[in-house]
Every structure is written in C-alpha cells, then in structure tokens.
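Welcome to this short tour! Open your viewer, get ready to select residues, and follow along one stop at a time.

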Amino acid sequence: MSENLFLKIYTDFIFTEDQPEPADIIFIPGSAWPELALRAAGLWHSGFSPLILPSGRFSILSGGFSGPASMTEKYPGPYQTEWEFLRDVLLRQGVPPQAVLKEDTASYTYENAIRSRQVTDAAGLEIRTAILCCQAYHGRRALMYYQLLYPHTRFLVCPAVTQGISRDNWHQTRRGAELVLGEMERCGSQFHEIMKKFYERE
C-alpha cells in the first residue's frame, strides 16, 4: 500500500463534508473559532435552516474562555462562554436573536451533543435533518458524537476551514499532521470509553 493511499484513507475519513440541503437546525459544537459561526450564518441567510444552536461553555482543560482564536479585532468581547461568543458572531452577521438557541454548559465535544439534544428535546423540536458546522478536521468526530445522540437524524456536515488546515494540505505541515492524526486516535480512544458504558449495561 503506497503512502498516497494511506493519506487518502485518512483524508476521506476525517474530512467528511456534504453539500448543504434544507434542514431543521444548524448545530455548532463549542469553539473559539469564528469561522464556524460565519459558515452557519451564511447557511442561515441562504435559507437552509430557520434555527442555529451553538453549544459550549469553555474547554474542560482551560477553565475559562480565553477569547476568539482568530479575528480578535472584530470580536473583542469580553465573552464568558463559547456560546456567548458564537452568538455574537451570528448576530453581527445579521442572524436574528430568535433564531439562535442557547446551550452554554458543555465543555467538550461529546457533551456539546448531549446538551444540544437536551435543548432540542426541551423545545419539543423534531430534528429530522440537521447541518453540522464544525472545524474541517473535526468533522468526523463531531459527526460521530452528534449522530450518537440523534440516531434517527440525517446529518449534513458543512465545515469551515480553520488554522489553514484543509483536506488538501493537512499532511504538508507538522501541525496539520498532528491535528489530523490526533483526531484519528481520538475517534478510537474516546469511542472506546463510550462503548465501555454500553457494555456495562449488558
């Protein structure tokens, strides 16, 4: 098996992406990157969904929201949570407040999915089709988590490129390779922990 085939397998698995279609909601997993909310706002303006649900408090590792990871001059804050930050990006892009749902307690990606499900259930929403706006290299793992919490929902992954890392160039830098191969590892190790909980129920 050639090196190029290995790269293709990793790329196709991690960088999952779909063409947008009409959906019941747009999900944004917690993030400090405004590009995710910008992508979501563009989809909202194009009429692909009436609702957007950003999710996130701040990283469990950081203990606080340290501010935007890019475009800091446009979004000076201060912000207390990822949700507050992502909501501000959406509002500045012309998305009305009533279109933005609230989830500001989650501190890691799996919890983003768990808490988002709680929000949509509490609102009585039936999510048949959903768009997931995440970082491009985070697409597979985010999809796996949200699909786990919404097993009967059809998901369309519409990611945003952040940190200059895309499916075309991730393998060209050490930083890109570390992030993408780290995602491969987490897709195994973190889901191993989740599966253990299912085994415990047997």
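## Stop by stop

Start by selecting I25, whose bridge partner in β3 is A130. Keep in mind as you look that this is a predicted model.

Four strands form an open sheet in the order β2-β1-β3-β4, with parallel pairing. Which are the edge strands? They are β2 and β4, each of which pairs on one side only. On average, neighbouring strands in this sheet are turned by 25 degrees against each other, direction ignored.

Time for the helices. Select residues 34-45 to see helix α2, which lies across β1, β2 and β3 and runs at about 175 degrees to β1. Then select residues 139-149: this is helix α5, lying across β1, β3 and β4 at about 160 degrees to β4.

Move on to S166, in the loop between β4 (154-157) and α6 (174-200). Is S166 buried or exposed? S166 counts as buried because its relative accessibility is 15%, and buried means under 20%. Leaving aside neighbours within four places in sequence, S166 is in contact with F15 and V161.

For the last stop, pick I60, in the loop between β2 (52-54) and α3 (82-92). I60 is exposed, with a relative accessible area of 56%.

Key. Residues numbered from 1 in each chain as written. Predicted model: local features only at pLDDT ≥ 70, side-chain atom pairs only at ≥ 80, totals over all residues. Heavy atoms only, no water. Helix = DSSP H or I, 4+ residues; strand = E, 2+ residues; numbered from the N terminus. Buried < 20%, exposed > 50% of the residue type's maximum accessible area, 1.4 Å probe, protein only. Contact = heavy atoms within 4.5 Å. Pairing = 2+ DSSP bridges. Axes fitted to C-alpha atoms, helices over the stretch in contact; angles between N-to-C directions.
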